[in-house]
Structures are given as structure tokens and as C-alpha cells.
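Dear colleague,

Please find the structure below. My notes on what was found in it follow.

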Amino acid sequence: MLSEIPIQIENVEFKNIDKEIMRAAMIAELDAINLYEQMADLTDDEDIKEVLLDIAREEKIHVAMFETVLLQVDEEFLKVYSDYSLARSRD
Ligand SMILES: [Fe+2]
């Protein structure tokens with residue numbers, strides 16, 4: 001699990017800082033989802049499993065929140081995302 005920003009923030013151009021922050025935040029949330037789901041698979045305690053899977057679901061919401069912001073600050077990503085979604089919807 002991430003406890004530090006996985007980029008050299010001082011090397012990032014100012015215009016890209018928000019994009020880098022959103023991507024790092026998404027990586028941390030995705031990592032947390034994996035961790036909680038893996039721990040849920042390890043336990044036989046149904047209460048612990050339920051708590052872990054509930055928190056994993058909350059982390060998925062956090063991914064969506066960060067991704068929404070990233071799409072607002074990264075126009076290229078928004079275009080790629082839109083084009084890919086359109087192409088997939090035609091399949
Ligand atoms: Fe989170």
C-alpha cells in the first residue's frame with residue numbers, strides 16, 4: 001500500500017501536477033481495493049470479510065471520484081476515454 005506519492009513531484013511541470021496527483025490517488029485506491037479483497041479472501045470470519053468487502057466497495061467509489069476529476073483536468077484522457085467508450089458501445 002502506498003504511503004508516499006510515487007512520483008518525484010519536484011520534477012513535474014506545474015501544468016501537470018493535478019493530473020499526476022489524481023493518477024497517484026487512483027493507484028493508491030486501486031491498491032487498497034486489491035489489499036482488502038485479498039484479505040477478505042484469506043479470512044473465514046464472515047464479519048471481518050463483510051467489513052473488508054464493504055470498505056473495498058467504498059474504495060471503488062473513491063477511484064471513480066478521482067477518475068472523474070482526472071477526466072476534468074486531462075483533456076487528452078477525456079478524449080481517449082470518450083473515443084474508446086464510443087467504439088466499445090458499437091461492438
Ligand atoms: Fe479510499
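**Fold and helix packing**

From the N terminus on, the protein chain runs α-α-α. Its radius of gyration is 16 Å, well over the 12 Å that the globule rule gives for 91 residues, so the chain is more spread out than a compact globule. That radius is taken over C-alpha atoms, and the globule rule is 2.2 Å times the number of residues to the power 0.38.

This is a predicted model: local features need pLDDT of at least 70, side-chain atom pairs count only at pLDDT 80 or more, and totals for chains, interfaces and linings use all residues. Residues are numbered from 1 along each chain as its sequence is written.

The protein chain has three helices and zero strands. Both are DSSP runs numbered from the N terminus (helices: H or I, at least four residues; strands: E, at least two).

Helix H1 (residues 17-42) packs with helix H2 (residues 46-73) at an angle of about 165°, their axes 8 Å apart. Axes here are lines fitted to C-alpha atoms, for helices over the stretch in contact, and angles run from 0 to 180 degrees between N-to-C directions. H1 and H2 are therefore roughly antiparallel to each other (the term covers angles over 145 degrees).

Helix H3 (residues 75-90) has 16 residues. The number of buried residues in H3 is zero, so this helix lies largely in the open. Across the protein chain, buried residues make up 7% of the 91. A residue is buried if 20 or more other C-beta atoms, placed from the backbone, lie within 10 Å of its own.

Regards

Note on methods
Buried ≥ 20, exposed ≤ 12 C-beta atoms within 10 Å, placed from the backbone. Expected span 1.5 Å × (residues − 1). Parallel < 35°, antiparallel > 145°, perpendicular 65-115°, else oblique.
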